[in-house]
Amino acid sequence: MQIRIRRSWEIPESMATPESVFLDRRAFIGGAAGLAAASLAGGPALAAVPGSGTGAVATADLYPAKRSEAYALDRPLTDERYSATYNNFYEYGTDKTVTPASNALKVQPWTIKVDGLVEKPFEIGFEDLVRKMPLEERLYRHRCVEAWSMAVPWTGFPLAALVALAKPKSDAKYVQMQTFLDKAMAPGQRAFFYPWPYTEGLTLAEAGNDLAFLATGVYGKPLLNQFGAPLRLAVPWKYGFKSVKSINRITFTAERPKTFWEGLQASEYGFWANVNPAVAHPRWSQATERVLGTDQRVPTLIYNGYGEQVAGLYKGLEKERLFA
């Protein structure tokens, strides 16, 4: 007899919110990309969410993707009207209301460069890349270093699939990811005191973890610009600033990358950035988090609740991984 041990962050199927209650997923097919998800309470559709991410229409036929039941949640999904209007995207401003400014982001055409310690560097168009990959929807927690959180239905593919496509050499130890650099398109990049372009990185072991995910869509449709269209990282056990947006370059390297926020203030925003309620940010506690949309305060979980899946990655790095 086969026995399946349920992970701590999974819930029984009987407890899951019915899909028809949360979202009429098929309503997104045929040009409804600008509409918000239906209310979790089963009410009428939410008002249209600003920011259409229209550059991704070439792949709109791929959405909604089949939801993976292996990635369930212990809390309701965040209504899109909240998560799509409360975003960090410093290329378009330092406050949370970046949606109007992010409409300037042009994501078609979009090319991703893969280089560094790989068998053969290459460039690939976003559409070509996405159509090579098996897309699926995953429900993930998202915890910001600023102590707010949300629950998001990302669509995309495992980062490990991109690593396999890149064929890194044996001496590659890290994956560095960068966003675009275009000061005309992104006025925030004109701020000289930031180390543009936005750069983030993972160890190759982290990149190979099942949870590491390259998101191409959200709420059953292509990514809206403010979410980091057309391609962003989602690593749910780390603080949100690790989830680099609008990726256009992926580099394999033997040296640990100097990441964007680490370069600005390493004591506050370290490379590892694993969610840890026991280690306060220098300017606020991380013991609790504010749930976006409800403002409810709930306890923060170590590794954001994904400890069973990722704790083994950090044996011997106990001191380093405590950095906020």
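The legends below describe close-up views of a predicted model.

**Figure 1. The whole chain.**
The predicted protein has 324 residues, and 54% of them count as buried. Its secondary structure is made up of eight helices and twelve strands. The accessible surface is about 14200 Å², with 55% of that area belonging to carbon and sulfur atoms. Among contacts with a separation of 6 or more, 71% are between residues 24 or more positions apart.

**Figure 2. The buried side of helix 5.**
Helix 5 covers residues 159-166. Its residues L159, L162, V163 and A166 are buried. Why do they lie on the same side of helix 5? They do so because the arc they cover around the axis is only 105°. K167 follows helix 5 and has a positive phi, near 55°.

**Figure 3. Strand 7 and its partners.**
Strand 7 runs from residue 213 to residue 218. It is mostly covered, as six of its six residues are buried. Which strands pair with strand 7? Strand 4, residues 148-158, is joined to strand 7 by five bridges, and the two run antiparallel. Strand 9, residues 232-234, also pairs with strand 7 in the antiparallel sense, over three bridges. Strand 8, residues 221-222, is antiparallel to strand 7 as well, with two bridges between them.

V218 in strand 7 stands opposite W154. V218 also has a bridge partner in strand 8, namely K221. A215 has R232 of strand 9 as its bridge partner. In a regular strand, side chains alternate between the two faces of the sheet.

**Figure 4. The hairpin of strand 7 and strand 8.**
Two residues lie between the strands of this hairpin. Most residues other than glycine have a negative phi.

Most peptide bonds are trans. The bond from Y63 to P64 is cis, with omega near -5°. P64 is in the loop between helix 1, residues 19-22, and helix 2, residues 80-83. Another cis peptide bond joins Q108 and P109, where omega is about 0°. P109 belongs to the loop between helix 3, residues 99-102, and strand 1, residues 111-116.

**Figure 5. A147, a loop residue with positive phi.**
A147 is in the loop between strand 3, residues 136-143, and strand 4. Its phi is near 80°, a positive value in a residue other than glycine. Is A147 buried or exposed? A147 has 6% relative accessibility, so it counts as buried, the cut-off being under 20%.

Y303 sits in the loop between strand 12, residues 297-299, and helix 8, residues 307-310. Phi of Y303 is positive, near 55°, and the residue is not glycine. The relative accessible area of Y303 is 5%, so this residue is buried.

Definitions and conventions: Residues numbered from 1 in each chain as written. Predicted model: local features only at pLDDT ≥ 70, side-chain atom pairs only at ≥ 80, totals over all residues. Heavy atoms only, no water. Buried < 20%, exposed > 50% of the residue type's maximum accessible area, 1.4 Å probe, protein only. Helix = DSSP H or I, 4+ residues; strand = E, 2+ residues; numbered from the N terminus. Arc of directions from axis to C-beta. Pairing = 2+ DSSP bridges. Contact = heavy atoms within 4.5 Å. Areas by Shrake-Rupley, 256 points an atom, 1.4 Å probe, with all protein chains shown as cover.
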